[in-house]
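User: I'm new to this structure and would like to understand the words used to describe it. Could you take me through them?

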Amino acid sequence: MPIVFANVLLALAWAAVTGGFSALNLAFGFVLGALALVLIRECTGRPGYLGRIARAVSLAGLFLVELAKSAVRVAAMVISPRLDPHPAIVAFPLTVTSDIEIALLANLITLTPGTLSVDVSDDRRVLFVHCIDAPDPAAVIADIRDGFERKILEAFR
């Protein structure tokens, strides 16, 4: 049974025992369940559960920072009196391998203003990304590799 599912069941059990299914009570039950799972981590065979949650929160934080930075860049480009974009389709070599990792990376890229995931190669080793302004495609590849892809690998492996 996946450890997150066990944590959700513990949160639901907490809510049932206390008799309150409010969002706050469920969140408290989730935190208590996570602490209980940490205490019995040798029995579950999955150490580092809270670390994985922290890495997922770190990925979400990185996305929010990149979202704000790219929104400012695109807005500045649009209101600039001299519009001189350098659009490009960049072939990003994938290190992530599973379907969920590839889908998450593609969606994070697409949700960031100024970029759009176009396609994944048939062998699933290359993600094609359209950038509204990419004067240096190697820098775009490095940004994605060192940002989103690295955080996804940390959170999922």
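Analyst: Happy to. Let's start with a term: a residue is called buried when its relative accessible area is under 20%, and exposed when that area is over 50%. With that cut-off, the buried residues of helix α2 are N25, G29, G33, A34 and L37. Please keep in mind that this is a predicted model.

User: Why is N7 called buried?

Analyst: N7, a residue of helix α1 (residues 3–18), has a relative accessibility of 0%. The cut-off for buried is under 20%, so N7 counts as buried.

User: What does the side chain of N7 reach?

Analyst: The N7 side chain reaches the backbone nitrogen of A34, at 3.2 Å. A34 is one of the buried residues of α2.

User: And V78, what makes it exposed?

Analyst: V78 lies in helix α4. Exposed calls for over 50%, and V78 has a relative accessible area of 59%, so it is exposed.

User: How do you know that the length of α2 is close to what is expected?

Analyst: Helix α2 (residues 23–39) has 17 residues. The expected span is 1.5 Å times one less than the number of residues, which for α2 is 24 Å.

User: Which residues of α5 are buried, and why are they said to be on the same side?

Analyst: Helix α5 covers residues 99–111, and its buried residues are E101, I102, L105, A106, L108 and I109. They cover an arc of only 160° around the axis, which puts them on the same side of α5. The face of α5 turned away from the buried side carries the exposed residues D99, I100 and L111.

User: What is the volume of the largest pocket, and which residues are closest to its centre?

Analyst: The volume is about 540 Å³. Of the 24 lining residues, E66, R73, T115, V140 and D143 are the closest to the centre. Two elements, α4 (49–79) and α6 (137–156), each give two or more residues to the lining, and α4 gives the most, with seven.

User: What classes of residue make up that lining?

Analyst: The lining has 13 nonpolar, five polar and six charged residues.

How values were computed:
Residues are numbered from 1 along each chain as its sequence is written. This is a predicted model: local features need pLDDT of at least 70, side-chain atom pairs count only at pLDDT 80 or more; totals for chains, interfaces and linings use all residues. Side-chain values use heavy atoms; hydrogens and water are left out. Helices (H or I, at least four residues) and strands (E, at least two) are DSSP runs, numbered from the N terminus. Buried means under 20% relative accessible area, exposed over 50%, partly exposed in between (1.4 Å probe, protein chains only). The arc is that of the directions from the helix axis to the C-beta atoms. A polar contact is a pair of N or O atoms within 3.5 Å; within protein, one must be able to donate a hydrogen and the other to accept it, and residues adjacent in sequence count only if both atoms are side-chain atoms. On a 1 Å grid over the protein atoms alone, a cavity is a set of points where a 1.4 Å probe fits but cannot get out, and a pocket is an open set with protein on both sides within 12 Å along at least five of seven lines; lining residues have an atom within 4 Å of a point. Grid points are joined across faces, edges and corners, and a volume is the space filled by probe spheres set on the points. Ala, Val, Leu, Ile, Met, Phe, Trp, Tyr, Cys and Pro count as nonpolar, Asp, Glu, Lys and Arg as charged, and the others, Gly among them, as polar.
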